[in-house]
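I opened the notebook to record what I looked up in this structure, one topic to an entry.

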Amino acid sequence: MKLKKNFIASAIALSLISPAVLHAQTVPAPTTPDPNSAEFKSQAGLGAINILPAWAQGLTGAGIVIANLDSGVNFGHVDLQGRLLAGADFTGSGTVADTTPESHGTAVTGIMVANFNGLSQVGISYKATVLPVKIGTGASSGVAVAGINFAAADPSVRIIVTSYVSDNSDQAAELAALQAAAVTGKIVVIGAGNEGFPEARFPANMTPSLGGLGITVGAINGEGTTIFSSRAGTNTSFMVAPGLSITSLGNSSSTALANPLTGSSMAAPHVAGAAALLLSAAPNLTGKQVVEILLTTARDIGTPGFDSTYGWGMLDLGNALAPLGALTGGGGGGGGGIGGIAGGLGLVGILAALNKKGDKKTEALETTLVFDKYQRPYILDVRRTLFARDNRPDLENLLRSFRSGSAWFDVELGDRQRLSVSTLSDVPVLANAFDYFSRRALEEERNIDVAMSLSGDLANGLQYQFNLNRDPRRAYGFLGATEGAQFLSERVFTAPYMGFANRANSMNLAYNLNAYTDLRFGVANMEENKEYGRSSSSALMEGAFRFSDKASAAIQLGTLSERGGLFGGSPSGGVFGVDQSNTLSLGISGRYKLTPDLILVGSLSEGYTRAKAARHAYLTNYSGLRTQTYGLGVLARNMWRRGDRLGIAVTQPLRLTSGQADLTVPQTIDFQGNIGLSDTNRVGLNPDGSELDIEVSYQWLVGHTTKFASYFQYRNEPYHAKSSGAGYTFYTVVRKSF
């Protein structure tokens with residue numbers, strides 16, 4: 001893949017590594033450090049912080065200056081040539097040279113910026129520059145303040161790193177100096193100290209007061225299991241990095257290595273070096289944004305989320321360089337995200353018919369320039385981004401169900417009304433009694449998911465049901481009313497255009513006209529929530545007709561209005577965002593009882609959609625969009641043992657069958673961040689493939705309290721893309737009632 005020649009090299013360096021459907025296109029350095037080399041292996045922390053994605057993108061920290069407030073540095077070391085500024089001494093020694101027995105300041109400097117030269121060691125940001133500020137490791141207030149002020153006054157400095165611990169009487173002056181440095185936009189990284197206290201000592205405990213520009217760093221081993229420093233406590237600016245037996249540069253000669261050192265003094269430069277890489281990758285980032293990225297992308301260890309030991313977790317550069325938040329086309333567009341991450345236009349094979357060698361439209365699709373929430377640019381292949389909103393259960397949700405507890409009760413409200421309430425909440429897995437007390441506050445704030453249904457009879461033949469946080473679609477079609485195994489793709493057989501989340505607030509009315517005809521009407525409102533993030537309103541009318549005891553059919557007519565989404569796509573805009581979409585749908589379904597224990601069900605639904613593109617979206621001026629989904633299933637019971645259930649189904653998930661839009665793809669960016677746009681092309685949106693799913697499910701009871709269920713699904717051309725191959729899903733669930 002090649003970018004156009006006018007994609008400026010320095011701008012290309014802004015493109016970051018990204019996972020899955022996103023990939024960055026950069027001009028890499030001629031060579032990058034080899035993870036199998038002695039130079040790489042000598043620094044134990046490099047692998048632990050996931051450094052390779054950064055180096056693979058050619059990120060080196062070039063142009064970034066880090067002020068190291070420590071014990072000075074070995075200016076003559078071969079691995080630091082070209083990496084040092086003159087610096088200043090505030091200890092009264094008359095030299096900035098490092099003379100400590102442990103080579104403290106030199107070791108810290110080496111972790112950050114040791115040259116990539118095939119010799120003893122390579123630094124995290126090996127082309128960044130260090131300004132050595134000699135204050136010692138136990139500086140007095142006056143010395144500390146003078147050193148901090150010196151670094152703060154240098155406009156070239158973007159990052160300040162230090163690990164000194166203060167018991168001085170004038171800590172207020174030291175804090176004021178640190179806050180003044182933060183006001184200038186400098187990132188302040190401070191080691192937590194090695195006393196093993198529940199909270200870091202001063203000044204590391206004061207990073208939350210630095211206006212979002214401070215990070216306190218604790219020290220752990222490379223596996224992220226044991227901490228060797230003071231803990232996070234309540235400091236929400238706390239993270240950890242490798243600090244056990246770190247080998248770095250020494251001060252005894254031009255090639256010396258120091259004895260391995262342990263502590264937060266070794267952990268802090270890992271974070272400072274990582275910050276330099278982020279800034280060199282995206283110079284537009286503010287210091288506050290860099291701090292936010294590092295903390296929020298830390299690899300979680302210990303108690304999920306922030307905890308009092310590890311804070312936000314372990315530094316992870318791969319996570320920090322991945323796109324965060326919504327992807328937009330620049331220009332400060334709204335929130336939301338692209339469809340390939342949370343749903344989309346209902347296809348992944350979009351525009352794949354253009355995929356011909358040398359096709360200019362294909363080249364534009366392969367090199368689309370997008371931006372994350374921090375305006376960091378990424379190169380995106382449009383054709384691999386958009387697929388259907390799919391709320392079939394996956395392995396993650398299945399495993400989560402085993403960590404959940406539920407409760408329910410039914411209340412009869414007179415002869416005609418019934419109230420059903422159920423709750424679902426995460427159940428903590430506690431290793432010992434001490435865990436209970438350490439997590440008590442977290443458990444008290446644990447969110448409990450409540451679902452409720454109120455149903456009853458209004459008059460002869462007229463029934464109502466109000467639902468809170470339940471799936472509104474199961475009241476329609478013939479699958480829910482059929483005794484038999486359920487399908488992973490059950491949405492196809494119920495009401496596929498009644499929203500794209502599993503839960504909603506809804507109201508249903510059912511009226512029995514006569515012995516052969518039933519009418520159903522329902523409305524549903526789906527709002528953004530922690531799990532699905534969808535926002536839509538829908539209405540559906542269904543007429544069901546019984547031709548005989550064996551044959552039934554139903555016709556559905558519905559409307560769906562999505563706010564900030566399209567077919568379950570991510571809300572609130574994005575590079576393929578839609579402000580509003582309205583769909584009219586028509587569906588037919590049928591049920592035929594072959595034998596008392598063998599039933600055939602089928603459905604076919606089609607929709608017609610008008611969509612309004614979001615601001616800054618790449619796809620605009622949508623034509624009418626036509627979609628289709630269908631399924632055929634067989635449901636059986638008492639096949640091999642009494643009470644068992646067997647289901648076999650062939651289904652096609654929602655697929656865009658026709659539709660067009662204007663595609664405008666940015667492919668260039670200049671030094672000022674101005675985006676150049678390619679010519680606008682009218683493109684077809686229907687995919688090149690057609691997903692067809694085959695699934696088998698089997699359920700059986702053992703006694704009265706244990707239920708086994710097994711599911712297998714084969715997916716041909718997943719997400720309607722020919723190039724996506726085939727997918728398989730298989731799992732078995734055992735449910736025990738008490």
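I count two residues as in contact when they have heavy atoms within 4.5 Å. The model is predicted, so I note that local features need pLDDT of at least 70 and side-chain atom pairs count only at pLDDT 80 or more, whereas totals for chains, interfaces and linings use all residues. Residues are numbered from 1 along each chain as its sequence is written, and side-chain values use heavy atoms, with hydrogens and water left out.

Entry on the whole chain. I looked up the helices (H or I, at least four residues) and strands (E, at least two), which are DSSP runs numbered from the N terminus, and found 15 helices and 29 strands. For accessibility I use buried for under 20% relative accessible area, exposed for over 50% and partly exposed for what lies in between, with a 1.4 Å probe and protein chains only. Of the 738 residues in the chain, 53% are buried. Among contacts between residues at least 6 apart in sequence, 68% join residues at least 24 apart.

Entry on helix α9. I listed the buried residues of α9 (residues 287-296) as Gly-287, Val-290, Val-291, Ile-293, Leu-294 and Leu-295, and their cover includes β5 (187-191), β6 (214-220), β7 (238-242), α8 (264-281) and α10 (317-321). I then took Leu-294, which counts as buried because its relative accessibility is 2%. Setting aside neighbours within four places in sequence, I find Leu-294 in contact with Ile-215, Met-239, Val-271, Ala-274, Ala-275, Leu-278, Leu-315 and Ala-320. Leu-294 and Ile-215 are 79 residues apart in sequence, and their C-alpha atoms are 9.1 Å apart in space.

Entry on helices α6 and α7. How do the axes of α6 and α7 cross? With axes taken as lines fitted to C-alpha atoms over the stretch in contact, and angles running from 0 to 180 degrees between N-to-C directions, the axes of α6 (residues 141-153) and α7 (residues 171-183) come within 9 Å and cross at roughly 10°. I therefore call α6 roughly parallel to α7, the classes being under 35 degrees for roughly parallel, over 145 for roughly antiparallel, 65 to 115 for roughly perpendicular and the rest oblique. On the α6 side the meeting residues include Ala-144, Val-145 and Ile-148, and on the α7 side they include Ala-177, Leu-178 and Ala-181.

Entry on Asp-518. Asp-518 lies in strand β15 (residues 517-526) and counts as buried because its relative accessibility is 15%. I noted a polar contact of 2.7 Å between the side chains of Asp-518 and Arg-546; the term covers a pair of N or O atoms within 3.5 Å, where within protein one must be able to donate a hydrogen and the other to accept it, and residues adjacent in sequence count only if both atoms are side-chain atoms.

Entry on backbone details. The peptide bond from Phe-202 to Pro-203 is cis, with omega near 5°, and Pro-203 sits in the loop between β5 and β6. Gln-375, in the loop between β8 (368-371) and β9 (377-380), has phi near 60°, a positive value in a residue other than glycine. I class Gln-375 as partly exposed because its relative accessible area is 31%.
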